[in-house]
Amino acid sequence: MIVVVEGVSAAGKTTWSSLQPPEQVVLEAIPLSATLASSHDRASHFVDLHVRRWCNALDAEQSCGIAICDTDPFKLHYAWCELRAGLCSVSDWQNALAAHRRAFHENRLGLADAVVFLNPAESIIRHRRATDLTRRRRRFEKHFSFLPWLVEWYKAIDRVEPGRVFSGVDAEMPSVAIRQQRSGVEVFDAFLAELASVSDLAILST
């Protein structure tokens, strides 16, 4: 089983993951700064990073029976939140969308079996950010502002197969069956249809 723990910056993802057996945990991949000429190149660069984490999750699952991903390998939600916040162009979004759809079509990326979505109060999140001396979180305000659209995203994930997203302040390890189909273009398109149904944007086609 592959479990993702998600939430905004300082929601407690890494702390939650650290309570699990370390051999099961797939940590977030912090991308190195790269100068890429076009949004198409950027989309390909980031989807390759996400595919690598998905492969790491599959390896952990094979070895341990369960993989815990500190943030979702299917991180197209970042481009979605930027689009919703007016921080990227429609062209940027469509390039990211197409790159991730290809990865699903090639079975190189997929949906996790369960999502633990941590959503504590704003005061708790800001306190954690202020008292955590190990991370600077330079883009904290930007990432915190993404919360409504991140919720929107995982509402759509849950609607693909209801009962796989567990939301709360301190959600417990979920117990669900492995998805019958994690990857494939049909899975991606089913998710996209649900995303369209929970949002007010029509800019969802590739």
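This is a short walk through one protein, from its overall build down to a few single residues.

Before the details, two notes on how to read the values. The model is predicted, so local features need pLDDT of at least 70 and side-chain atom pairs count only at pLDDT 80 or more, while totals for chains, interfaces and linings use all residues. Residues are numbered from 1 along each chain as its sequence is written, and side-chain values use heavy atoms, with hydrogens and water left out.

I start with the fold. The protein has eight helices and five strands; helices here are DSSP runs of H or I with at least four residues, strands are runs of E with at least two, and both are numbered from the N terminus. Read from the N terminus, the order is β-α-β-α-β-α-α-β-α-α-α-β-α. The radius of gyration is 16 Å, close to the 17 Å that the globule rule gives for 206 residues, so the protein is as compact as a globular protein of that length. That radius is taken over C-alpha atoms, and the rule is 2.2 Å times the number of residues to the power 0.38. Along the principal axes, the C-alpha atoms fill a box of roughly 40 × 35 × 35 Å.

Next, contacts and burial. Contact means heavy atoms within 4.5 Å. Among contacts between residues at least 6 apart in sequence, 81% join residues at least 24 apart. Of the 206 residues, 47% count as buried. Buried means under 20% relative accessible area, exposed means over 50%, and partly exposed is in between, with a 1.4 Å probe and protein chains only.

Which residues have the most contacts inside the largest nonpolar core? They are Phe74, Leu76, Trp93, Leu109, Trp153, Tyr154 and Ile157, in a core of 60 residues. A nonpolar core is a set of buried Ala, Val, Leu, Ile, Met, Phe, Trp, Tyr and Cys residues joined through side-chain atoms within 4.5 Å. In soluble globular proteins, nonpolar side chains tend to be buried together. Leaving aside neighbours within four places in sequence, Phe74 is in contact with His100, Phe104, Leu109, Gly110, Leu111, Trp153, Ile157, Phe188 and Phe191.

Now two loop residues with positive phi. Ala10 lies between strand 1 (2–6) and helix 1 (13–18), and its phi is near 70 degrees, a positive value in a residue other than glycine. Ala10 counts as buried because its relative accessibility is 6%. Thr71 lies in the loop between strand 3 (67–70) and helix 3 (76–84), with phi near 85 degrees. Thr71 is buried as well, at a relative accessible area of 4%. Beyond its neighbours within four places in sequence, Thr71 is in contact with Val4, Val5, Glu6, Lys13, Glu28 and Arg53.

Leaving aside neighbours within four places in sequence, its contacts are Trp80, Arg84, Leu195, Val198 and Ser199. Gln94, in helix 4 (residues 90–105), is partly exposed at 31% relative accessibility. Gln94 and Trp80 are 14 residues apart in sequence and 9.9 Å apart in space, C-alpha to C-alpha.
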